[in-house]
Amino acid sequence: MRKTLFLSGIGVLCAWTLVPLYLIALGAVGGSALVDSWPKPFWPTSLSMRTLIDFMHIDGVWSATLSSVEAAVLCMAFSILLGVPAGYALARFRFHGGTAFRLMILLTRAFPVAILALPLTVGFIRLGLYDTALGVSLIHTALALPFAVLVSASLFQAVPREFEEAAWVFGCSRLRAFRHVVLPLVLPGIAATSIFAFVISWNEVFAASVLTVRHKTLTAYLLSVLSESPLQVQFAGGFVLIIPSVLFIFLVRKHLFAMWGIANR
Amino acid sequence: MAEITIDGVRKLFGDSVALESVTLHIPDGEFLALLGPSGCGKTTLLRIIAGLETQTSGRVLIGGKDMSDLPPRKRGLAMVFQNYAVFPHMTVWDNVAFGLRMAGADKARVTAQVEKAAALLHIEPYLKRHPGQLSGGQRQRVAVARALAVDPAVLLMDEPLSNLDALLRLEMRAELKAVLQQAGTTTVYVTHDQTEAMGLADRMAVLYAGRIVQMDSPAEIYRAPATRFVGGFVGSPPMNFLELPVTAGHVTAGALSFPAPGDASRIVMGIRGEDIEIADDAGMPFEVRVVEPMGSHTLLTGTMLGQQMRVVAASDLRPRPGEILQLSPRADRIVWMNATTGLAMETTLK
């Protein structure tokens, strides 16, 4: 009985993620006939890369993809460079306003980007950041940073203080102890955090649409282009957008498990 | 190898005093136990010696050099932590080699030292494993091996046995003593377990409320505690304390009478349970409440003159609860204490 419940639970969870993915993939490779048909066959009768190839040939898709990757990589780098030290400080040091700081970090997420859109646009134009991947990545960093800070703080908290103290006693400076003892223990978590930052940036549409004109990221570009395209091309766009996220999470899945303390203890 | 001098070390955490001007000297090669109840400042003192905590004032000298402001890595010491702090991402071998590698020792020396320490602690079979695959006792051995591998001038241990179960603790205690005697390292050992301190240490420092109350050999502290607190804390069962009236220069206890040291109207007799004999004739009347046969002896708990007492009696003595025994303390083992201050009186401390 318990086993059946367990298995059906797994089934429901899998269906929850896999069915939409499957439908999008089906729409992307099944051709126009299949997109319009109902009920849909489980296996597409005529599998074709036609739509996907067409999609790849849409003007500007490749440069938009490049902008997206650029913005996402920068966002990832900024989130880790700023978020990890902040997380370490939160985990290891007691300072005035530490608790308030923790709350404030989350509050940045409560502020709607829509309200900021106009002043940000004006500010970015003045600074020369408007319509650049760097500008977009800065906004995405602001969105991803709260997670980076709080997740890395909890990663550091999970490393007992005594590990570091033992390293200090056995000949390490603070920096060396961090490199030899703390960093290896939190690295899987940091990797997962950076992937998360990448995915946040990759998926973000609104800020990217507002802050760019010619150098749009893939999401912003598709939003403006695909609304007039046939349905199967929209599916193809969605499919291409999903792939990196799924792939990345799949690649770091082992480390994601480690993050929950299964592999590393 | 090095001597340690703690010179007037004081530590405040905010407004609360953790250590109240502690001064002590540990000669080269000595095993000193810092003993006290939790919150007495013993761990703080150890961490100040290690450099993990900074004293508010005072100096720490190791091997004659002032280490007060140096970081832990420059103090030439090793430490065993209460939760072992064995690095989980390294093999046992790498853990034991850690200190030497960080000090930049060459490969041959690292290998030689790791093998020596591993042999000493009997952990050779696990050298290739990760700490996650070891039991608590095995991790404990790894932590000690890691500390001994660097040939430290000073070895600091913070309640290293408290996370082990009772049987393993007893086993590790004996082994630790043998290993450390062989190494001859100056050792400071923090514990709240008085049997551990008594069994291991050359000398013990008993701490209470941030002060060293008494520092001496375990036998001397056991026999002649400096205060009522020490007598009650060291030894199991704890020392008995009987508050008695003094009349005309004599202390009367039941049918017995002792010459009073000092002229206070009340005085406390401190006496160990095993220093009390069952008298044939009139002594101090003791009403038995609980009889606990312990195998090697029988522990009697009861009241004498309305005050609780514990008596260690011969194993074949089995009085019934409610029975009245006549007791007589061995006069040369009595520690007379001031009834108000709880301090032992000079005359009884040789």
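The model is predicted: local features need pLDDT of at least 70, side-chain atom pairs count only at pLDDT 80 or more, and totals for chains, interfaces and linings use all residues. Residues are numbered from 1 along each chain as its sequence is written, and chains are lettered from A in the order in which they are written.

Start with chain A. It is divided into domain 1 (1-48) and domain 2 (58-259); these bounds come from an automatic or database domain assignment. The domain centres, taken over C-alpha atoms, are 30 Å apart. Eight residues of domain 1 are in contact with eight of domain 2. Contact means that C-beta atoms, placed from the backbone, lie within 7 Å. On the domain 1 side, α1(A) gives the largest share, five residues. Helices (H or I, at least four residues) and strands (E, at least two) are DSSP runs, numbered from the N terminus.

Now bring in chain B. Here 20 residues of chain B are in contact with 16 residues of chain A. Both β6 (77-80) and α2 (92-102) of chain B supply at least two residues of the side that touches chain A.

Next, look at the backbone of chain B. Most residues other than glycine have a negative phi, and most peptide bonds are trans. B:Ala85 has a positive phi of about 50°. B:Ala85 lies in the loop between β6 and α2 of chain B. Why does B:Ala85 count as buried? It has 26 C-beta neighbours inside 10 Å, and buried means 20 or more other C-beta atoms within 10 Å, all placed from the backbone. Finally, a cis peptide bond, with omega about 0°, joins B:Ser236 and B:Pro237.

Note on methods: Contact = placed C-beta atoms within 7 Å. Buried ≥ 20, exposed ≤ 12 C-beta atoms within 10 Å, placed from the backbone.
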